Amino acid sequence: MRIIYLHQYFRTPAMSGGTRSYEMARRLVARGHEVHMITAGDTGLRRGWTETEEAGIRVHWCRVPYSNHMGFRARMIAFARFSWLAARKAASLDGDVIFATSTPLSIALPAIWAARRSHARMVFEVRDLWPEMPIAVGALKNPLTIAAARRLERMAYRNAAHVVALSPGMKAGIVSTGYPEHQVSVIPNSCDVELFDVDAEEGRRFRREHTWLGDRPLVVYAGSLGFLNGVDYLARLAAVVGQRDPEIRFLVVGSGKQEESIRRAARSLGVLDRTFFMLPSVPKAAVPAVYSAADIATSLFLDIPQMGVNSANKFFDALAARRPVAVNHHGWIADLIRQADCGLVLDPTDLLASAERLLRAVRNRRWLAAAGAAAGRLGRERFDRDRLAAQLAAVIENEPLTIPLRQAA
């Protein structure tokens, strides 16, 4: 089967960022499928299209510069440009299945075009409920823009033979639009167990390379530094913890639009380069060494109800690395942590209470070992990448070659 896989932000393990599409696509290749990935980049690419092979995936790269540092208008232009180029490329490849993963939601446009031109079935993957999230944080305010975004959301669903949601809450949101529940599968982000199964020496080496760390307890955040992540929370938490135990270290590894504001906040709190440290993004292949050095990993978001449906890679990476994980939000991930006893659910507003919980946990070696083991079991038993990739393959391979009758947009 020829699968045309559209993901504007595709990343390999040699790059920083999430590698869900890479891991899923290479497993589809291993099942005998021909997979064409259509994506964008802005480094080392010539004009037009560049084709590479990554673990058997035929990757088609087009040069479309994009950054979270861009303003709203510049980002909309980048989305539109990629949609135009991707639509033509995807249609020309004449696939059996068009598989598109959002964000951005505009990825639906080239997917719909290619599916109709190729008479192919379209499967649509929802990584974030959009436009609910930007509306909730005030990024979308104009009623006309909101209406257009909602229309695009419903058009994506109407033209999909099947929708993949990354959490139960996302599925509920999709079904609430009128899309048939039996045509939605929940396939969360997952654990790359093999990637994170590294020798403990890698963590010890990371600690030796950073003299401010040594043998001190370490709390890590490794991921995007966008507005929704709210990583300044960790700087504020470090300030409170440091008053009680100045030996505990906090580390942020990542980049994004909020990087400088987080650094300024840490500096104003007096913790930057004392108990709170920041390192730039690293390739995904280097993340396991960071987690190996950590005592507790974190996954953070702003305190808004809509974030409760998230399926953050950081949480699943912690499980794969067998590390206790702390979150500062509610929702299904927080429920999983409580049920499995594999970490901490910190209060997003009560820093004193959160600091007290973290202090007790990070200095309790018995708890750290037990919670880490529980995290590993949860990751392997419920979120192993091979298991969830097989579920995605079943959706792509076995769905009837029809789309909902109400598809007309």
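Are Asp317 and Lys284 buried or exposed? Both are buried (under 20% relative accessible area; exposed is over 50%, partly exposed in between, with a 1.4 Å probe and protein chains only).

Some ground rules: this is a predicted model, where local features need pLDDT of at least 70 and side-chain atom pairs count only at pLDDT 80 or more, while totals for chains, interfaces and linings use all residues. Residues are numbered from 1 along each chain as its sequence is written, and side-chain values use heavy atoms, leaving out hydrogens and water.

Searching the whole structure turns up 26 salt bridges, each a side-chain nitrogen of Lys or Arg within 4 Å of a carboxyl oxygen of Asp or Glu.

| Pair | N to O distance |
|---|---|
| Asp317 and Lys284 | 2.8 Å |
| Arg2 and Glu34 | 3.0 Å |
| Asp232 and Arg236 | 3.5 Å |

Asp317 sits in helix H12 (residues 313–320) and Lys284 in the loop between strand S11 (276–279) and helix H11 (287–293), so their bridge ties together parts 33 residues apart in sequence. Helices (H or I, at least four residues) and strands (E, at least two) are DSSP runs, numbered from the N terminus.

Arg2 and Glu34 also pair up through a salt bridge. That one links distant parts of the chain, with Arg2 in strand S1 (residues 2–6) and Glu34 in strand S2 (residues 34–41), 32 residues apart. Arg2 is partly exposed at 28% relative accessibility, and Glu34 is partly exposed at 27%. Shared partners join Arg2, Glu34, Glu51 and Arg58 into one salt-bridge network.

Asp232 and Arg236 are four residues apart in helix H9 (residues 232–244), so about one helical turn separates them. Asp232 is partly exposed at 30%, and Arg236 is partly exposed at 31%.
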